[in-house]
Amino acid sequence: MTGQSELRIGVIGAGGRGGLAAHAHRPEEGVRVVAGADITDAALAQVKERYGPDALATKDYREVLARADIEAVFVTSPDYLHEEHAVEALEAGKAVYLEKPMAITIAGCDRILEAAYRNKRKLYLGHNMRHLAMCIKMKTLIEQGAIGEPKVGWCRHFVGYGGDAYFKDWHADRSKSTGLLLQKGAHDIDILHWLCGGYTKRVVAMGGLTLYDRITDRHDPSERGDASWHLENWPPLSQKGLNPIIDVEDVSMMLMQYDNGVFASYQQCHYAPDGWRNYTIIGTEGRLENFGSVVRLWDQRRDYDPDGDAEFRFEERYGGHGGADPRIVAEFVRYVREGGAIATSPIAARYAVAAGYLATQSLRSGNVPMDVPGLRKEIVAHFDAEVAEREAA
Ligand SMILES: NC(=O)c1ccc[n+]([C@@H]2O[C@H](COP(=O)([O-])OP(=O)(O)OC[C@H]3O[C@@H](n4cnc5c(N)ncnc54)[C@H](O)[C@@H]3O)[C@@H](O)[C@H]2O)c1
């Protein structure tokens with residue numbers, strides 16, 4: 001135990017992704033998860049198992065927020081509840097760890113930013129890919145000038161567990177997720193923004209529901225779908241127990257123009273046999289691309305060589321999502337207790353949602369280009385000042 005007083009934490013949406021909060025629970029270091037809210041009995045039982053019999057386990061998240069001793073909360077509920085849960089938590093004076101995507105609409109994100117600004121509370125976005133060794137390697141190489149100035153960013157996303165994880169529950173229902181270009185794409189849009197140093201200002205997209213609508217085996221609307229991954233669920237058309245409502249795309253492609261002149265693209269397919277993300281960033285002096293556990297650099301003019309001109313290995317880590325989960329939680333805890341620099345950004349998370357949201361509108365309305373609205377200048381100034389303060393610390 002350090003000299004600091006104990007940091008007490010609550011979790012809203014304690015089951016599923018809410019397990020992330022267990023990385024923060026270190027009573028011996030003065031950090032304790034003391035409460036969890038969820039709508040299922042199973043998740044509430046897990047709260048007691050993980051955090052002890054004294055932990056509050058409740059179906060009403062407001063009981064967690066009413067606890068004056070709780071300084072920070074994880075919001076790990078489904079996407080369509082992020083806006084309500086994050087705004088209420090910030091209004092209650094808590095520091096918030098909010099899972100991606102920030103919300104399912106631009107207006108929802110902007111309400112959350114306004115609540116953080118109004119209440120002067122710490123808002124931390126769970127974009128854990130910024131803590132992934134591969135992304136850090138690419139970012140470091142770009143910052144070191146390996147490819148000159150980034151001008152083009154491409155990401156191809158092979159979603160190998162699409163049929164298991166995204167078409168059996170609320171993810172498949174656009175009223176609850178907007179669509180998978182936003183839901184899943186928020187990660188990659190954020191990483192492309194981060195690597196290329198800008199935000200999308202204009203977007204255009206195409207895509208459709210091309211496979212999963214053909215599966216007639218659906219679970220009852222009263223049941224929760226089983227979104228767990230199974231090797232034997234192959235080929236994709238053999239999937240069973242899909243969500244009764246499926247009105248999101250399983251293939252989508254978007255093109256982005258950034259405010260710094262970069263052009264980028266993101267493509268996603270939900271019935272790939274393997275799961276992988278391939279990023280290519282081209283700059284004024286070369287290009288980078290990731291393969292398995294290496295990033296390769298091409299920076300000499302010659303015929304194509306698959307080995308590149310240099311290869312950079314990155315360390316595989318243990319822990320959820322390649323070690324990114326324990327690292328992001330440790331950063332959040334440190335940020336709440338001591339401040340200092342953080343790798344993720346609420347403004348960036350909002351621009352990732354904005355691009356994914358408008359791309360979804362574009363592909364559903366004749367592929368027309370959509371312009372991303374800016375933020376109120378007071379909001380930008382507030383979060384810029386927070387960044388400056390953290391960097392000065
Ligand atoms: N960053 C990542 O790598 C990553 C990975 C997985 C999930 N996520 C995000 O985490 C969030 C949750 O995803 P999930 O797959 O665990 O979803 P989920 O459907 O399993 O929901 C999470 C938990 O919230 C609970 N919940 C639902 N309604 C609630 C309510 N009204 N009040 C309190 N709890 C409620 C559920 O019962 C469940 O236990 C999503 O926003 C998702 O995008 C992020």
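Reader: How many salt bridges does the structure hold?
Author: Happy to start there! This is a predicted model, where local features need pLDDT of at least 70, side-chain atom pairs count only at pLDDT 80 or more, and totals for chains, interfaces and linings use all residues. Residues are numbered from 1 along each chain as its sequence is written, and side-chain values use heavy atoms, with hydrogens and water left out. A salt bridge is a side-chain nitrogen of Lys or Arg within 4 Å of a carboxyl oxygen of Asp or Glu, and the structure holds 28.

Reader: Which residue forms a salt bridge with Arg17?
Author: Arg17 sits in the loop between β1 (7-12) and β2 (31-37), and its partner is 82 residues apart, in strand β5 (residues 95-99); strands (E, at least two residues) and helices (H or I, at least four) are DSSP runs, numbered from the N terminus. The closest N and O atoms are 2.7 Å apart. The partner of Arg17 is Glu99.

Reader: Is Glu99 buried or exposed?
Author: Buried means under 20% relative accessible area, exposed over 50%, and partly exposed in between (1.4 Å probe, protein chains only). Arg17 is partly exposed at 27%. Glu99 has 6% relative accessibility, so Glu99 counts as buried.

Reader: Which strands hold Asp371 and Arg202?
Author: The side chains of these two residues meet in a salt bridge, 2.8 Å from N to O. The pair ties together parts that are 169 residues apart in sequence, because Asp371 lies in strand β15 and Arg202 in strand β8.
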